[in-house]
Amino acid sequence: MLAVTDASAAGDPVSALARLDELQAALLDANAKGTVEQSRFDSISAAIALVRADLEKAIAAQVEVVPEVSQETPMTDKEAKKAAEEAKKAAEEAQKEAEKQEKDNKDD
């Protein structure tokens, strides 16, 4: 049960679910061998079912949160170079405009 708790606390519900499956298998084995009383088996089985439901909800929530991958085609080197040149030109123009405005403000 500690492995289930640790994996869940670490934000890894998939691993926690795998550990829970191992715990359930061990419980079923113990029940088949008669080493666990039926009332205890029923109680642990019910707890496992509750934890399983919570882990499955957590896994479903993680799947919903995964963002969609962009389907855009990446820029070619030529397109990237052109975009960089345009950005540089726009920055230079903005700098010139700022200098002009500063000069005009001093003249007033």
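Arg52 is buried, with a relative accessible area of 17%, where buried stands for under 20% relative accessible area, exposed for over 50% and partly exposed for what lies in between (1.4 Å probe, protein chains only). The model is a predicted one, in which local features need pLDDT of at least 70 and side-chain atom pairs count only at pLDDT 80 or more, while totals for chains, interfaces and linings use all residues. Residues are numbered from 1 along each chain as its sequence is written, and side-chain values use heavy atoms, with hydrogens and water left out.

**Surroundings of Arg52**

- Arg52 belongs to helix H3, residues 38-65, helices being DSSP runs of H or I with at least four residues and strands runs of E with at least two, numbered from the N terminus.
- Its side chain makes a polar contact with the side chain of Asp21 at 2.8 Å, a polar contact being a pair of N or O atoms within 3.5 Å of which, within protein, one must be able to donate a hydrogen and the other to accept it, and residues adjacent in sequence count only if both atoms are side-chain atoms.
- Once neighbours within four places in sequence are set aside, Arg52 is in contact (heavy atoms within 4.5 Å) with Leu17, Leu20, Asp21 and Gln24.

**Helix H2**

- H2 covers residues 13-33, and its 21 residues reach 30 Å from the first C-alpha to the last, close to the 30 Å expected at 1.5 Å a residue, a span calculated as 1.5 Å times one less than the number of residues.
- Pro13, Ala16, Leu17, Leu20, Leu27 and Ala30 are the buried residues of H2.
- Seen down the axis of H2, these buried residues fall within an arc of 135 degrees, so they line one face of the helix; the arc is that of the directions from the helix axis to the C-beta atoms.
- The exposed residues Ala32 and Lys33 sit on the face of H2 turned away from its buried side.
- After H2 comes Gly34, whose phi is positive, near 80 degrees.

**Nonpolar core and whole chain**

- The largest nonpolar core has 10 residues, among them Val4, Phe41, Ile48 and Leu55; such a core is a set of buried Ala, Val, Leu, Ile, Met, Phe, Trp, Tyr and Cys residues joined through side-chain atoms within 4.5 Å.
- H2 and H3 are the elements that give two or more residues to this core, and H2 supplies the largest share, 5 residues.
- The protein chain contains 4 helices and 0 strands, and buried residues make up 12% of its 108 residues.
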